[in-house]
Amino acid sequence: MSIFRSEKMSLYQLFLQNESAYRCMSELGELGCVEFRDLNSEATAFQRTFSAEVTRCNEMERKLRYLEGQIVKEDIKIEELLDMPAAPLPKEMVDLEAALDKMESELREINVNAEALNKNFGSLTEMKLTLQNAENYLADRDGIFGVNETTSAAVAPEEGMTQLNMQRFRFVTGVVSTEKAQGFERMLWRAGRGNIYLRISPLAEPLKDPVTGNDVHKSVFIAFYQGEQLKGRVKKICEGYHAALYPCPESVGLRRETSVGVYSRLQDLKTILDQTKEHRHRVLVAAAKHLRTWIVKVRKIKGIFHTLNMLSVDVTSKALVAECWIPDVDVYKVRLALKQGSEASDSAFPPILNELPTNAKPPTYFRTNKFTHGFQALVNAYGIANYREVNPGLYTIITFPFLFAVMFGDGGHALIVTMFASWMCLNEEKLSKVKGEVFGIIFGGRYIILLMGIFSIYTGFIYNDFFAKAFNIFGSAWVVNYRSEGRPGEEYLIGEGSMESAMLVPDRHYDVCPNRTTSKAYDFDNATDFQSCGHYRQYPYPFGVDPVWVIAENKIVFLNSYKMKLSIILGVFHMSFGVFLNLWNFTYFKRRVSILLEFLPRILFFWPLFGYMMSLMFLKWVKYGANKEERELKSDCAPSILITFINMMLLSYSEEKTRPPNEECKTVFMFGDDEGVTQKTLQIAFVLIAVLSVPVLLFGTPIQFKMKMNRMNKAKNNYSHSGSLGSSGHGDPADREPIVNSTLHVESGGKHDVHDGHSGDYDQNQGSNDDEHNTFGDVMIYQAIHTIEYVLECISHTASYLRLWALSLAHSQLSEVLWFMVLRIGFKALPGYLGSISIFLTFAFWAGATVSILIAMEGMSAFLHTLRLHWVEFQSKFYKGEGVKFHAFHFKRVTDDAKDD
């Protein structure tokens, strides 16, 4: 049962031939149950054997990312994988690399050509719009405006230019960004000192940027000026504002001829661009069909070579040597996978897998499924379990949702949580593809949320709390039988009425009433018959809290007392269970001395104090009550458990401390004689047992460590003495030389321990090499810290479980506030049909506040408090959490397809 304890691990040495290493590693990657140790940890990434292959895989991944970006940009759907492809052979890697290189080169060439065509198309479009805008200003003005400076280079003025031509206005036309238009105009005005005439017209439609493809808003301008000095200034300002200048002939005929030429070139470019886009689209569609397959293949190849880089090369350079951890139950599968890989590669020498004896720390591996994976993740977030240590994840499946439900405790809210979790569980295949960090966390814990909702429905029935209302399923055990006006024969009210509040007396039996479920007028002959009609049925509500407490004025007092005691009881049992799990660890690892020196002192300190206090709670519930006939057993005579516990710890039994709350109560002691001799004796004995267990817990382990070290030193001295005598004899020294294994395991005489069952399992609670490095002072300080911590945490952790009561109270009170201050007001706000409007509005606010505050925020708060109770109060009693997680070489990890194991 690997969820209770981690899988048994063994260290193996694997020899692979070079020609079969790739196929064997591929088979192991599909199997996913082998963790390889890095035997080249001191080498850099470029010093490893297969660094060139890994570099090639990185380059292919870069090309695939480029293709994926282009496909996503084109808004083409990428086909999902139906079946996971196998890892390709090395020769297939060459073909795949060539195909990706060809596709990337072709796509980049298409993009470069398309970008150049788009730039040309954009320039011609701007030129066309410039000509159209200039026509509005230059038509019928040939005698006023003269040469366009953008065409002056092509048509130079003659040397004999007349004075009239020199005085004619010159102009430039072009396009500038609309965002820069105001600054551009202001700069021309300042540079020309008001002698430059500028007209700007924004374009009606935005233009496409040829590089990014985004919309760009531009404006067409025409600037008139005179003189060479202004000409230079205008051109420099246009360059500074990145304004594009276009030629514009001064005559109408030339402008029309130029416009026709521009329009013709635009049509040709549009046809070429459409063909380029179609070709690019076909290339990307073809790539989208195989993109996921290529990504998986490349990542599998990279994973194989990355793992092969962790292997060392033997001296002959003909084989690879690996050291790996394998679960004992999967050794047969590993051998079969190696055999299949060797046969597929036609290797002459099969792989060799040998077990290595070692005392190194094995990794921790728990087999989980989609249901238990979330609960195990909660435990792993605190720390990975030590090898073969008791795993709290198994018990967290029940205790975590139960403690959450104690704090959440509203059946209506829990029903919404359960429905949400059920929806995620039923649609998990579809929802597993949804991306998003927050939703991924929620979806990963869908089964945790489901159990939290189911358990909260149960506690909702226990508390009889559904959206701050109670259900009277079995009929209340209480009834209100008080007269309206105090005369026999008048109407008697059962339930909530207009009467003043009054305390119901539980010792009055109401079975004698003619009808105890409805309001009616009873015909009594005298007041004596009326007095016999009581309030209590004499047996409680069958399941959960009686619904009458919802309308009771002392509801908070009653529920606080009930939930407070319940929190302490659950806490004592929960922590005691953790201490007993530590006993299970001691028994499994055969640490029998630790049972006497650690487990027994802890349990003898905790239970005589807090177990006794819990017993007093049960005794108080059973012995005292308002319906008891004896006066000294009435509720007001019940002693305070807190005061009793304080007096017990202080050994305070003076007359003042043991005085009853009133004269009618005979004693404050809950059992034994009225003088309290029995109870005082038992309490003093419990305190003495708890006090005496502290020195045992404090000094037991250090003394045992000291005795063990003395025995080891004595045995070492005897061995050294016998060795010196043996060296002078005729024995063979080779028989006494230790055989040193590469895995740090040293055994004398060439023999090693082979673990049988769990007797040889690595015990991380008591490491094999710790005794050699620790001193008595270190152990003493360590034990003193843990003893003080345990004594203090027994008190603080018990009080910490009161959060179960506090959060339950807060949740119920917030629910009542939303009901009485929001929804009930909506029912009474407006009369008649208008009330439906107020009900609709208040219900919307109530529903939103319920989901956001009471379910989301309060649920998260209860979740975090439950997590703290497990991590600190429960797991600290037995859980070390200092292990190393088992990271198997598995293609699910390297392909980012890591679904639930």
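1. Start with Lys208 and Asp215. Their side chains form a salt bridge, with an N to O distance of 3.0 Å. Lys208 is exposed because its relative accessible area, 58%, is over 50%. Asp215 is partly exposed, at 46%. Keep in mind throughout that this is a predicted model.

2. The total next. The structure holds 28 salt bridges. As background, oppositely charged side chains can pair when their charged atoms come close.

3. Arg367 and Glu7 deserve a look. They form a salt bridge in which the closest N and O atoms are 2.6 Å apart.

4. Arg367 is partly exposed, with a relative accessible area of 32%.

5. A network of salt bridges links Glu7, Asp330, Lys333 and Arg367. When inspecting the model, view these four residues together.

6. Asp38 and Arg48 make another salt bridge, at 3.1 Å from N to O. Asp38 and Arg48 both lie in the loop between strand S2 (35-36) and helix H2 (51-73), so the pair ties together parts that are ten residues apart in sequence. Their accessibility classes can be set out in turn. Asp38 is partly exposed, at 32% relative accessibility. Arg48 is buried, because its relative accessible area of 17% falls under 20%.

7. Now the nonpolar surface. Which residues make the nonpolar surface patch of about 590 Å²? They are Tyr458, Phe461, Phe471, Ile473, Phe474 and Phe543.

8. Phe474 is one of the patch residues. Phe474 is found in the loop between helix H14 (446-463) and strand S13 (482-483). Its relative accessibility is 44%, which lies between the 20% and 50% limits, so Phe474 counts as partly exposed.

Conventions. Residues numbered from 1 in each chain as written. Predicted model: local features only at pLDDT ≥ 70, side-chain atom pairs only at ≥ 80, totals over all residues. Heavy atoms only, no water. Patch = residues over 30% accessible without salt bridge, like charges linked within 9 Å, V, L, I, M, F, W, Y side chains within 5 Å. Areas by Shrake-Rupley, 256 points an atom, 1.4 Å probe, with all protein chains shown as cover. Helix = DSSP H or I, 4+ residues; strand = E, 2+ residues; numbered from the N terminus. Buried < 20%, exposed > 50% of the residue type's maximum accessible area, 1.4 Å probe, protein only.
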